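Take a look at the model below. The text then walks through an interface and a hairpin.

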Amino acid sequence: MKTAVIQFPGSNCDGDALHAAQLLLDQDAQFVWHTEAGLPQGTELVFLPGGFSYGDHLRSGAIAARSPIMQAVKAHAERGGYVLGVCNGFQVLTESGLLPGALSRNRDLHFLCRPVHLRVENTGTAFTGAYTKGQVIEVPIAHGEGNYYADPETIARLEGEGQVVFRYVDNPNGSLNDIAGIVSERGNVLGMMPHPERAVEALLGSEDGRGLFDSLKGALVSR
Amino acid sequence: MTQAATLRDRAGTFGLSTEEFDLLVTRIGREPNALEAAIVGAMWSEHCGYKNSRPLFRHFPTTGPQVLQGPGENAGVVDIGDGWGVAFKMESHNHPSAVEPVQGAATGVGGILRDIFAMGARPFAVLDSLRFGNPDSPRTRFLLNGVVEGIAHYGNAIGVPTVGGEVTFHPSYQENPLVNVMALGLLRHEDLAKGTMGEVGNTIVYVGSKTGRDGLGGAVFASADLSNASQADRPAVQVGDPFMEKLLLEATLEAIQAGVVAGVQDMGAAGLVSSTCEMAYRAGLGITMDLDLVPTREDGMVPMELCLSESQERMILVPVPGKEQELLNLLAKWELDVVTIGQVEAHTNYRLTWRGEVVCDLPVDLLNEAPKYTREGIESEEIRAKRERDLSGVPVPGDLGAVLTDLLAHPTIASKRPIYQRFDHQVMTNTVVVPGAADAAVMRVKGSGMGVAATSDCNPRFVYLDPYAGAAAAVAEAARNLACVGATPLAITDNLNFGNPHRPEVYYQLERAVHGIADACRALNTPVTGGNVSLYNQYTEGDERVAIHPTPTIGMVGVLPDVTKRATMDLKGAGHTLYLIGEHADSIGASQYLETVHGLEAGHVPTLDLTREQAVIDAALHLIRAGLTDTAHDCAEGGLAVALSEMAIAGNTGLTVTLNAPTTTRADALLYGEAHARILIATPDEAGTEAALNAQGVPFTRLGTTGGDTVTIALPGHHIHLSVTLSALTHAFTTPLAEILG
C-alpha cells in the first residue's frame, strides 16, 4: 500500500508513522513535506502523524489544515483514497473539515501518556476489518487535547451511521460518548487520538495496533 | 573618580571579585571597558568557567575504549557498537526553577537537548532528577507542579520521550529545588560533530531565535546564592519555545549529516559570548564578530545585552569552507533566522565590533582560562557528630508491618506514576522499558538488536553524612540499576549540586564527593565523559544560611547487546523463587527508615565494597543474559522489605519470604536497613540459578517464593512475622504523589 507520511514543522510522530508503515504496509513509504503541492504518484494511504504541527499555534492542527499539502490530501480523500490521522493528525482532520467535531483540552487539563483500552465498535471499515466487533485492544495515548466534542446532531449521526469505530473503555479525557476514533461518511478517512503506530511490536509492549494496518492491506486487496 | 575605579568598585555586579578584576587588568595590561568586564565575569563564572571545581576534575577517570568523546565538548559520547554512539549529558536548571518553575524546567530540557544535537546526535531520551522540600508545603506543591508542567510542555512538544529519573523530597531543598535534566542522543560515528571554529577564514553563522533581553546574566545569576532579591531576577529566567527548538534540531542534524558543518555549538549559559568564545578556544584561533548583525527581538539593544542574553533556541554553526551557501539554503527550508555574523581570524583575540567600533578585544585564552581556586575543606563538626551517633538506643518498632506501608507512602519512595504519565515517554517508538517498570529506562536502537539503558541516581542523605562514600555509592547504585535491566554500564555524566564553596564545610563535601565518584568510576570502569556543576545552592532563612544536602547526581548509560535479554522489577507470576544476590543489611545507619520513622538523619553510611559491587553486577547480568531471570530489582531507599514490596506491587503478585539471619542483627536493619551490592531476582529455575550464582562466586540467599495476595516476611529467629495485603501496599504506594500534585 503506497503510503505518504505528511511532515509539518513540529510533527514529532512522523518518524514513528513512517517506521510502522514501512514495517507493515510499504517498504518504500516516504515523507512528504508540508509545502509540497501534490502527493507522490500512486499514493494509496496518507498518514497524518502526531506531534505539535506549527507548535500548536492558534489551535492544534489549525495551521497545518491550511498548509499547501492539505489541498492534495483533501483531493485524495474526495477520490476515495485512504487517510489516517493519529493524535495531531486527527486534530488536523477536524480542522480541515475532513472529519466532523473538534478536540479540546483533556478533562483534567493535563497531558496524559499511558496505555488505554479501546473497544472496536465497527469492523465494517477499511481500518478495522481485521478486528472482531467488540474486541478490546490496548493502544497508548499521548495527548493534552483529545477531548472529542461535536454538536448533538453530529454525535447522533456518527453513532447512527456507525462512524464511531473506536471507543474508550475507561474514558481518559472526557470525550463525548467515549469517542476515541471516527471515520468519515464514506469510511475512507479515520481520525483517532490513540497511537496505533506505537503498538505494532511486541518489544514495545503491545501489538494490538497491527490490526489497523492489516485491515488496510486487506481492504486494498478486496477493493 | 575615574571610570576604571568605578568599574573596579562595581566588579561584583559582573560576578568578579576585586582580586579577579585586578588580575584582569594585569593580564591585558590596560583597564577593561564595562562590556569586557561583563564578558569576563560571565566566562569566569562557576557556570562557565568552573573556577572552584575544575582543579578537582583532574581526579576523574575520563578515558577508556568505550569513550568516543570525553569531557570538554557539548556532551560526552560513548561507543555502543555497530558504528553507533550515544551522546549524553546532564545539566542543572536549579536557580531558574526556584524563581519560575515552569520556564526554568522547560528551558532546562531545551538547553540539554541542544547540547546533544550539537554533537550530531538525535536526542532520543530525557531523564529528570528532581528534588524538592517538604512535600506538605504549598511551595513544594507549586514548584513540583510547575517543574512537571515545564518538562511536559517542552519535552512532549519537541517529541523526545521522558523515560526516567528520580523525584525525592527533603527539607534542605525547600527554597532551592534541584532540577537536573539528562539527555541522550543517538549518532553514527561518522556524524560526530564538534564545537570548534575550525580554520582561519571560516565564517560564523547565527541560526535560530532572535536575541531578546531575557536570560540576561543567567550564568552569573546561577553562580550566586538565592535570596528574596532573586525574585527580582525573574528577567534572568529565559522563556523556551519547543517548536523553534524542533526546527533547529532538524535543521542542525540535516546540516551535519549533509557534511556542510565544520563546527557547531548551542548558545547556552552566557549566550553568544560563551559559545563563540569556547569554539574559538578549541580551534586555538581568534574571531571577529559584528554585533550589529545579531538578529534582535527589540530595538535599542546594546552590546552587553547582545552578548550575554540567554534567549533560547539559538545555535552557532561554522560552515565547511566552500559549503557556506549550501548550509544557508538548507537552513532556509526550516524558515529559521540565519545570519553570517563574523569570521575566524589569524589572530588570537575575541574581537567584537558595534556601530563600526571595536567594543571588545580580549585574548581568547584569557576568557577561557578562569582563575582556579583550590580551597580548604573542613568537615562540619555537626555532621560528623551525626555520623558518629550511637544508634543502639533506637527502639525497634512494635508494628513492623505499619513501617512498611509508611515507607511505601513516603513521597520519596512512592510511585511517581502521576508525574510520568504527564510526560510522553513513548514517542519515537523506542522505549522498551517504561518509567516505573524497572530500575533504569531501556530504549531499543532501531536497525540493530541493541538497547541503551540510562539511569540517574544519588542518595543525598548518604552524601550528607559521608561525602566520599555517599558519592561513590551513587555511582555504584547507578551501575547496579543498569545491571538490573540487563545493561553493561559504560560511562557517566555528573551534575554536582552543592552549596557555597567559599564555606569550608561545603568545599569539603565537594572535594570528598569528587574523590568518591572518581574512585568508584575507576573501579566500575565507567569513565566520566562530562557534566555540570551547580554551586551556591543555598538560601537564607532568618539568620541562618541553609545549604542543600550535597547532591552529586550521577547519570549513567549502559548497553544491552541484545535488547530482548532484559529484566524489569515486576514479579512475573506465582511459583517463582526469590533470591537476594549479595548480603543482608546489618545496620539502620543513614537509612530512609531511620529518617522517616525515627526522625533521625544519622549513622554511618553502608560500607561500599566496589569489588563485591562489580561481582554482584556481573552475576545479575549473567543470569539475565543466560535467560535464567527476567525479574531484577535493586534494594535502595527502604531496604529489602520495600524492594520486595515494589516487585510485588508492580507484578500484582504476592510473595512469602523467610529471613534466616542471625539475631545479632536488629530486625529493622534486616527489613529496612540499606546496604550496597544487593540485587533481588525472581526465577522459575532454582537449580539453574543456584548453579550459575555458585559459579559466579557471589554470596546469595534463597529468600522464598512468589504467589498469593500478601507480602509476608518471617524472621523466625526474631519471632517476627509480618504480613500485609497487596491491596494495602498498593494503596499506600500509589496515592501520595497524586495528592501532592493536587
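How much area do chain B and chain A bury between them? The figure is about 2200 Å², with 60% of it on carbon and sulfur atoms. Buried area here is the accessible area (1.4 Å probe) that two parts lose on being put together, summed over both. Phe243(B), Gln426(B) and Thr429(B) supply 24% of what chain B buries against chain A, more than any other three residues.

This is a predicted model: local features need pLDDT of at least 70, side-chain atom pairs count only at pLDDT 80 or more, and totals for chains, interfaces and linings use all residues. Residues are numbered from 1 along each chain as its sequence is written, chains are lettered from A in the order in which they are written, and side-chain values use heavy atoms, with hydrogens and water left out.

Now the contacts. On chain B, 27 residues are in contact (heavy atoms within 4.5 Å) with 25 residues of chain A. The rule finds 2 salt bridges across this interface. A salt bridge is a side-chain nitrogen of Lys or Arg within 4 Å of a carboxyl oxygen of Asp or Glu. Arg444(B) and Glu201(A) meet in a salt bridge, at 2.8 Å from N to O. The side of chain B that touches chain A divides into 10 nonpolar, 8 polar and 9 charged residues.

Turn to the hairpin in chain B. Strands β19 (residues 538–541) and β20 (residues 544–547) of chain B run antiparallel, joined by 4 bridges. Strands are DSSP runs (E, at least two residues), numbered from the N terminus. They pair if DSSP finds at least two bridges between them. Gln538(B) stands opposite Ala547(B) in β20(B). The hairpin has 2 residues between its strands, and Gly542(B) takes a positive phi near 65°.

How values were computed
Nonpolar A, V, L, I, M, F, W, Y, C, P; charged D, E, K, R; others polar.
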